[in-house]
Amino acid sequence: NWQVTHRDDPDHRIWGVNYGCNDINHRTEDIQINNENAKGRLKDSLEKIAAFAIAENETHWASQFEDAIKTLESERPGVGSYFEGFIAAENYSLLARQLLFGAANAWVFGAMGSWNDIGFRDEETNQKYKELTERLYDDVINAVVAGVNTF
């Protein structure tokens, strides 16, 4: 849940973010996720959806997906990014920071003009887009839960 909480911030970091549970049947603190697996799945999803975006001439989105992959591999994830101040980084391992900032960079859902607003004329292409998008969404959420639960 994104809300404007610092409207007059001189660095334009105006947003406050609250994360909540997407699955009412499981408490997030009870979910045990292997962080390496979560990172591998997110990276795989990003690579596949970036290749799809390139093939469909969606270069803006391909660039965003590639930036998220770089974040997953970075030794300094989040440093200098818009999301840098969203967590107390010293409380998280490198792997957890890679997951959290990589997931943040991979978040392409929601508002008008988002990745999930795209449609394609060809039904086969549309179906592949839908499958890749659903998997990316699941892997982003999984990465956030994994990263947050390492605190």
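A salt bridge is taken here as a side-chain nitrogen of Lys or Arg within 4 Å of a carboxyl oxygen of Asp or Glu. The structure holds five salt bridges. It is a predicted model, in which local features need pLDDT of at least 70 and side-chain atom pairs count only at pLDDT 80 or more, while totals for chains, interfaces and linings use all residues. Residues are numbered from 1 along each chain as its sequence is written, and side-chain values use heavy atoms, with hydrogens and water left out.

- Lys 43 and Glu 73 form a salt bridge with an N to O distance of 2.6 Å.
- This pair links distant parts of the chain, with Lys 43 in helix H1 (residues 35–55) and Glu 73 in helix H2 (residues 59–73), 30 residues apart.
- Helices are DSSP runs of H or I with at least four residues, numbered from the N terminus.

**Salt bridges of Arg 135**

- Arg 135 forms a salt bridge with Asp 44, the closest N and O atoms being 2.9 Å apart.
- The two residues link distant parts of the chain, Arg 135 in helix H4 and Asp 44 in helix H1, 91 residues apart.
- Arg 135 also meets Asp 139 in a salt bridge (3.1 Å, N to O), and both lie in helix H4, four residues apart, about one turn of the helix.
- Salt bridges that share partners join Arg 41, Asp 44, Lys 48, Arg 135 and Asp 139 into one network.

**Accessibility in the network**

- Asp 139 counts as buried at 3% relative accessibility, where buried means under 20% relative accessible area, exposed over 50% and partly exposed in between (1.4 Å probe, protein chains only).
- Arg 135 is partly exposed at 22%, and Asp 44 is partly exposed at 24%.
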